[in-house]
Amino acid sequence: MVSSKFRLPRRTFLRGLGGAALALPTLEIMLNDSGEALASGGSMPLRYLVCFGGFSLVTDGSALTNDYIPMTTGPDYSLGTGLAPLATRGVQDRVTVVSGLSIPSQLAQDENEPIPPAGRTVHFHAHINPVVSGMRSVPWLANDTHIPTVTGRSSDQIVGDAVGHETSFASLVYRAQALLYNTGTYPMNRDTISYRRNDRGEIERVVPVVSPRQAYDSLFLGFVPDDPAEAAAKELELDKRRSVLDLVDRRMGGLVDRLGTADRTRLEQHYDEIRALEMRLELDGPKVGGECQQLPDPGNDPPLGGEFSGEDAYDVNAGYSDEDSRLRLMCDLMHIAFTCDLTRAGSLMFTMFQSFMNVNPITGHPYGLHDMSHNGEIPELADAMAWHVEHFAYLVGRLADTPEGTGSVLDSCAMLLMNEAGGGFSYENGVTQWSAHSTDNMAMLVAGGAGGLLQGEHIVAPSGANHPGNVVVSAMRAVGVDEDFGEVSGVMPGLLDG
Amino acid sequence: MRFSLVLGSLAVAAIALGGCRDNGSSGGGTETDGNETESGGETGEESSDALGPVGLRRLTRYEYDNTLRDILGDSSRPGSQVLPEDPFTPFDNEYGGQEASQPLIEGLESLARDAAQDLRDDPARRDEVVGCTPVGPSDDECMGQFVARFGRRALRRSLSATEVDDYVALGLAYADRESDFYAGMEVIVRALLQDGEMVYRVETGTPVDGEPGVFALGDFEIASRLSYLLWASAPSDALLDAAEAGELRTPEQRQAMARTMLEDPRARAQVDRFHAMWLGYVQLPHSAELTNALRTETSALVEQVIFEDASAWIDLFTATETFIDATLAEHYGLPAGGSEASWVPYGDSGRRGILSHGSFLSVAAGPGDTSPTRRGKWIREQLMCQPIPPPPPDVDADNPPTEIEADCKADQYLIHAEVGACRGCHAQMDPIGFGLEQYDREGRFRTTEPDSPQCSISGDGELVGVAPFNGPAELSGLLVDNSLIQSCVAQQLYRFALGREVEFDDMPLVLEMADELTEGDGRFDTLLATLVAHPAFALRREE
C-alpha cells in the first residue's frame, strides 16, 4: 500500500528530502570515460564530515608537548603518542595537521569588555559556540543559567543545507558517547555539535543518533536484498510501517487540533518528525552493488553504563557503555553512507564537551575524560588523544580503501577532527600559564582530497587566520560550499589549492 | 499556623531570591514579618488558587518501560536502551527539556516493531493481551474485542467505536494478507504503541466556568495522573474502571484510590526511586557489588519507614539502625550483624539515617576525594531548596585558586573565605561539606586525609544561619528540627509530580503539603494522599 495522503508538508522539515526520490550510489556506469566525473556531466559527489573529541592538549600545569602537535612541519611530520594511529593505520599521507589555532577570548569579565568576533567570554565553557558555529559566545552573566548557547548553524548543517537535497539524508548526525554520565545536571549543550536553523528562523540543536542499532536501521531502510524472499519480506515490512504510520499520523493530526497553544507546539514537533519518517519510507533506496553493500546486522547496542565520577570505579562499567564498539560501528555506517551516497554531510561526536566518560576501559588510566585533562598526566592524556585519533584514522583508511572512479571515496571527502581545547594561558584566572581550559594552541586534523585539500602535511596557522573556523571554511570550500562559518570568513592559507 | 508562616517565608525566599548573602541569615526563618497570608485552604474547596500551569508530558524512558511491562507483559526494558537520555535534573521527568527529535521518533518506531513482534512470537503473553480466541484470520469480532481491550490500556482511556473500527481495519488488512489473525494484532500493537496518546500524557479536560485557562481533567486523565505519580506506569484495569465509573472525582475518592495504589509494589519502587533521584544516588559511581549493597541499604530504610512502619517520614533522617551485611558493616566500621543483611544499630558512631549512608555520601564528590563545596551545594540546593548561583564567570571551578600554599584541605579552602567574590556563596556551602568531611565518598569514616595523614579531619561544620554541627547525625537533626527538609521535600515532590520546577502560584499547595509533614502525622503516604486529594490535582492550568 502506498500511503494515500501525501499532503504537502506544512513545514520544510524535508530539508534535503524535497523532491528527491532517488539516491543512487555512484556506480561505474554513471561515470565518464576518465572516471573523474559523472557521465551526466555532473561532478563527483563531495562529502563533508566533522568529528569531535572532548579532550584538551595539555593537562593543567603541564606545558604543551608533541604528543598531538608534530615537532616538524611539512610532509612526513613526526608522530607523537596522540597521532601514532595515523601511522599504524597507514593514513598519515592523507591527514594534514593544522596547529597554532586559537579562539580569541574576552580579556576580562566586564560587561564593557568586548567579546571578539568568533571569540569566547572569559569563561572557558562558553567556547562551545565559536567551536561549533563560528559565532562569538553570548555574554556570560552572573545569575543566568550558564548554558553555553549556540547561535549559528554548525558546518555540517551549512553543508547539508547546501547539498543535502541530492541525497536520502541531508545530513547524518551521530554521537558515540552514549550518556552524560553525570546526574543532577542538565546537558548544558555539552552533548551536541550540530545545530540548524528551523522554520521559525531559530537555531536549534540537531539531536544526534546515539544508538548504533537505530542508526543502522535508519541507514539501511531502503536497501533491497538480492534474495527474492528476503526482498519480499523487507517490502512487506516497509508496507506495514507505512500503514501503521499513516494511522498514527492521521490520529496525531486530530490530537494536535485539540490541544492548547503550548502543548500544540510541542506535539507538532513530534508530528513533523513522524511525517519526515513517512517521507523517508517513500524514498527509493540505493542500488546495492560494488562497494555499496548492506553491513551485517550489528544486533543490540552494548549495554549502558551508569554514572562515573572517580577513579575508584574504573574497573566497572560505570561511565562507559562500550563507546569503543559504538564508535567503530558509527564509523562503519558513516563510511557506507558516503560510499552509497546516502548523505554528503555528517557530524560524529566521539565524546562530549566536558566529557564524564570513563576512559579507563580504553586507555587503562583511571579517570573520566574531563577529569583526566585537569588532573591526569600528559602521557595518560596522550593515550586518550590516541583513542580518538585511532577511530578517525580507521574511518579515513576505510574511505581510502574504497575505490570510486579512478581513485577512492576519500578523494572526494573533507573530514575534520576537532577537539575541545588546546593548552595555554588561562583567561579565567589570568594567572595560569598551562591550563587545559585554554583555547590557545589548538590543533585540527584534516583528511581527504576533496577540492584538492592539502594532505599529509603539518602546517602552522599564520596569525590573522588562525581560528579553527578558518580550517572549517577551507573544508567547506573543498566540498564546494562557499559560505562563511559564523563570523569566520577566511580560509586557512595553504590548506586548499588556489 | 506558625509553621506555615516560617515555611512560607523560607520556601518563597528560596524561589524568589536564589542569591547568596554574606551574613548567611537565610537559613533560620527569622525574617518573617508575620504578615503573609495563610496558606492554602484546609479543604481546598477554592480549587484553582493553588494551581500553576502544566504542559504536555512525554513518558520518560523509565515510564515507557514500566508501561510496556504492565500493558504487554514485556519486562525487557528496551526503551532505556534506545530512547534519548532523560537527564536527571534531579528528576528525569521535566517536560521542559523533552524534545521530539528524529532519534526519538525512530526509536519509538523500532521499539513498537520489536515489542509487537515479540508479542506475536510468545503465545502465552499474546493470548493474555488479545483476550479472545479468533476463529480465523478474519475474525473481526475478536479483533474488535482485542482493540477495545488493549487500546484502553495503551491509550489509558476507552476508545470510541470509530476508533476501534480504524484499528480493526488496519489489522484485518494484514491478517488477510498473511492469513494470520496475529499479523493483524501485530500491526495494531505497533500503531497503538506509537500513538500520541500512548507516548504523551495528554490532558485536555473541560473549561471551568469563570476561570479562564483552567480545565477540569477528565476521569481518565485523573487516572493517569494517579498512576504515573504513584506507579510511574499506566493505570491498571481497575483504575480505568474506577475512572470510567466517575469514582475519582472527589478528594475522598482519589485519596482512597491512592491508599489502595500505595499497597502495590509499584508504589514502593516509585517512592524508592523518588528519593534516589532527589537525593542523587540513583546512579552510583562504584562497583556493581558496592552499588548493590548501598542501594539495598537505603531502599530497606525507605521501605521500612514509609511502608512497613508507616512512621513519620523524618525517621529517614533520624533512624538509629541500618540494614547492612557483614561486608558493608566492615566498610562502615560498624559491628557486623551477620553474613546476611540485618538491622545493625548505629550506637554512638555519629551516624543517623539516610545522610549516613554510603549511597548519599557518594553524591557530589570531587575528582579524587570528597568536595566540601559540592556536597554543601548539593545539600543546600536539593535538601534545603535554596539555590546557589553559579560561580562568577572568571572563576574556573575546575581549577580552584591556588594562592594559598597549604597541605591540608581545610586550609586550602580558606581562600574561599578570603576572596570577597567567593565568600558569600561559599559560606553557604563549604561549612556544610566540612561537617561531613569525616565521611569519604563511599561513606567510610576517617579522621585524616587519605593522601596527607598529617592532616587531621575535625568534622566540624556549620549550617550557616542555623547552628554548627559535626557529622551526619547532627546535620540531620538541624535539618529536621528546623523543618528545613520537610519544607523542601514538599517542593521536590510537587516538582516531581508536575514535571517542572515549582513556581510562585504553586506555593499554597506546597505549603499545605509541608504542613502535613510538620503538623499532621508526618507520613510520606499522607503527603502523597494530600497531593492527590487536593482539588488542584484534578485541574489543569494551561500554559
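Domain bounds here come from an automatic or database domain assignment. On that basis, chain B is divided into domain 1 (2-54 + 483-541), domain 2 (57-201), domain 3 (217-263) and domain 4 (271-481). The contact between domains 1 and 2 takes four residues from domain 1 of chain B and six residues from domain 2 of chain B. Contact means that the C-beta atoms of two residues, placed from the backbone, lie within 7 Å.

This is a predicted model; local features need pLDDT of at least 70, side-chain atom pairs count only at pLDDT 80 or more, and totals for chains, interfaces and linings use all residues. Residues are numbered from 1 along each chain as its sequence is written, while chains are lettered from A and ligands numbered from 1 in the order in which they are written.

Chain A holds eleven helices and twelve strands. Helices (H or I, at least four residues) and strands (E, at least two) are DSSP runs, numbered from the N terminus. Of its 498 residues, 57% count as buried. A residue is buried if 20 or more other C-beta atoms lie within 10 Å of its own, exposed if 12 or fewer, and partly exposed in between; the C-beta atoms are placed from the backbone.

Between the chains, 66 residues of chain A are in contact with 58 residues of chain B.

Helix 6 of chain A gives the most, with ten residues. By class, this side of chain A has 27 nonpolar, 25 polar and 14 charged residues. Ala, Val, Leu, Ile, Met, Phe, Trp, Tyr, Cys and Pro count as nonpolar, Asp, Glu, Lys and Arg as charged, and the others, Gly among them, as polar.

**Chain B: a helix and a sheet**

Helix 10 of chain B covers residues 219-230. Its twelve residues should span 16 Å at 1.5 Å a residue, and its end C-alpha atoms are 17 Å apart, which agrees. The expected span is 1.5 Å times one less than the number of residues. Eleven of the twelve residues are buried, among them Phe220(B), Arg225(B) and Leu230(B). Ala232(B) follows helix 10 of chain B, with a positive phi near 55 degrees.

Three strands of chain B form an open antiparallel sheet in the order 3-4-11. Strands pair if DSSP finds at least two bridges between them. Strand 3 (206-207) and strand 11 (539-541) of chain B are the edges. Three bridges join strand 4 (residues 214-216) of chain B to strand 11 of chain B. Phe215(B) stands opposite Arg540(B) in strand 11 of chain B.
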